[in-house]
Amino acid sequence: MEREQDPLAEKEPTETDEATFRTVGLLDERPPAGPHSAARRPWSARRIPAALTALIIAVAAGTLLFDVIRVRTGQAAAGWRIRLADELAARPLDDPALQIGAAVIAIIGLWLIILALSPGLRHQLPLETPDAKMRAVLDREAAELKLRDAAMRVPGVSAAKVRFFQHRIKARADVRFRAPLDVKADLSAALQEALDRLALARPPSLDVRVRPRHR
Amino acid sequence: MRRKSAVNRVLLALAGIVLLGTGLMILAGGFDLYRRWSLTPPDGWPLTAPHDVLLADADRTRWADEGWWWPAVIAVLAIVTLLAVWWLLAQMRRTHPGGLSVGGAPAVDGVELREGALGDALAADARHLPGVHQARARMDGSSSHPEAHIAITLTPDAEPGPVLQALRDGPLVRARQSTDRTLPARAHLRLTPHKPHRAE
């Protein structure tokens with residue numbers, strides 16, 4: 001998994017840092033804000049799914065352990081355990097309830113695998129940073145607000161809605177005066193300029209649509 | 001942080017594979033796919049025919065009379081429970097670098113900068129930058145590899161690029177000078193929501 005290589009990649013610069021450090025403050029040397037600095041997307045630690053999975057496993061194994069020990073010390077097995085054993089031994093595989101359960105289990109399993117392999121943090125957009133030891137993200141909401149404000153400054157636009165997706169930005173604007181095509185050209189230019197100013201590490205492409213709203 | 005992410009992802013993937021595999025095996029047996037697609041499952045493969053059950057009484061009690069069975073069951077369940085509790089608690093812990101040495105290669109003996117102090121200083125420093133409305137900072141990582149986390153709320157007219165440049169040239173360089181290391185930093189920029197307004 002690509003994830004495994006990260007800790008090593010992160011550790012390697014310790015020796016050189018001590019040497020380069022002294023020049024940082026004095027010369028104000030600026031490594032170019034190249035793609036190396038910010039191209040990597042931040043990966044979520046997946047704490048909430050991990051905590052939920054751990055909780056479910058702990059509760060299930062702990063409950064079963066408790067009842068096994070209770071039976072070993074000479075008491076009767078709990079009702080749920082007897083029922084569970086009976087159901088497991090009685091229901092054939094083509095029982096609809098069992099099939100629905102199996103489908104749900106398979107879907108949850110697939111979902112966990114997807115969670116494990118995907119970066120997550122889709123609402124955080126990586127930014128270009130002034131040095132390689134610094135990483136920065138911008139909230140998706142903030143980027144949408146910035147672009148919406150830029151759209152609202154274009155003459156003729158009465159309302160605008162901007163949404164960021166993984167590789168695409170959808171901008172929708174209502175035009176109240178001026179020719180829609182002119183407004184669209186101005187809007188595209190204004191949005192592109194605003195997008196460039198955000199300095200995103202991987203700017204999505206713009207998809208601008210306008211619709212006339214004459215009143 | 002990164003190690004925790006790697007551990008979480010490996011364990012989540014394992015749990016996912018187990019669940020997906022179990023689900024698919026039950027479905028394959030239930031819809032009789034082995035016979036329909038004339039596949040031959042390997043010897044001893046469970047759950048192959050629609051009338052099979054998940055766990056027959058004979059299978060469940062096969063080793064129940066052996067002396068080692070119940071101790072083994074109890075040991076395995078106890079280990080699984082403990083590992084799951086450890087995994088759960090690991091999600092709630094944060095790593096802290098603790099104290100950081102100050103003052104350069106010949107470290108000033110006995111002088112230590114507490115991580116909270118450095119975080120507060122970074123945040124207070126960042127708050128004065130143009131375009132920054134609010135800033136919070138905390139330290140993460142180990143004492144040998146500390147990392148600064150800075151959360152910044154921008155003013156509505158600020159641009160991220162210049163703010164990041166100012167953040168690096170000011171507060172971050174000062175923090176790096178005072179700890180004498182190239183402190184890695186992560187910045188999270190937000191913007192307070194505001195209503196659209198028409199420029200006339």
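Two residues are in contact if their C-beta atoms, placed from the backbone, lie within 7 Å. The model is predicted, with local features needing pLDDT of at least 70 and side-chain atom pairs counting only at pLDDT 80 or more, while totals for chains, interfaces and linings use all residues. Residues are numbered from 1 along each chain as its sequence is written, and chains are lettered from A and ligands numbered from 1 in the order in which they are written.

**Exercise 1.** Find which residues of H7(A) and H8(A) meet, and describe how the two helices cross.

Solution. Helices here are DSSP runs (H or I, at least four residues; strands are E, at least two), numbered from the N terminus. On the H7(A) side the residues are A:Ala143, A:Lys146, A:Leu147, A:Ala150 and A:Ala151, and they meet A:Leu187, A:Ala190, A:Leu191, A:Ala194, A:Leu195 and A:Leu198 of H8(A). By class, this contact has ten nonpolar, no polar and one charged residues, where Ala, Val, Leu, Ile, Met, Phe, Trp, Tyr, Cys and Pro count as nonpolar, Asp, Glu, Lys and Arg as charged, and the others, Gly among them, as polar. The axes of H7(A) and H8(A) come within 9 Å and cross at roughly 145 degrees; such axes are lines fitted to C-alpha atoms, for helices over the stretch in contact, with angles from 0 to 180 degrees between N-to-C directions. The crossing of H7(A) and H8(A) is right-handed, a term used if the near helix is turned clockwise from the far one by less than a right angle, anticlockwise being left-handed.

**Exercise 2.** Work out how H4(A) and H4(B) are placed against each other.

**Exercise 3.** Describe the side of chain A that touches chain B, and say which element supplies its largest share.

Solution. Across the two chains, 71 residues of chain A are in contact with 73 residues of chain B. Several elements of chain A each supply at least two residues, among them helix H2 (14–27), helix H6 (96–117) and strand E2 (134–139). The largest share, 16 residues, comes from H4(A). By class, this side of chain A has 45 nonpolar, seven polar and 19 charged residues.
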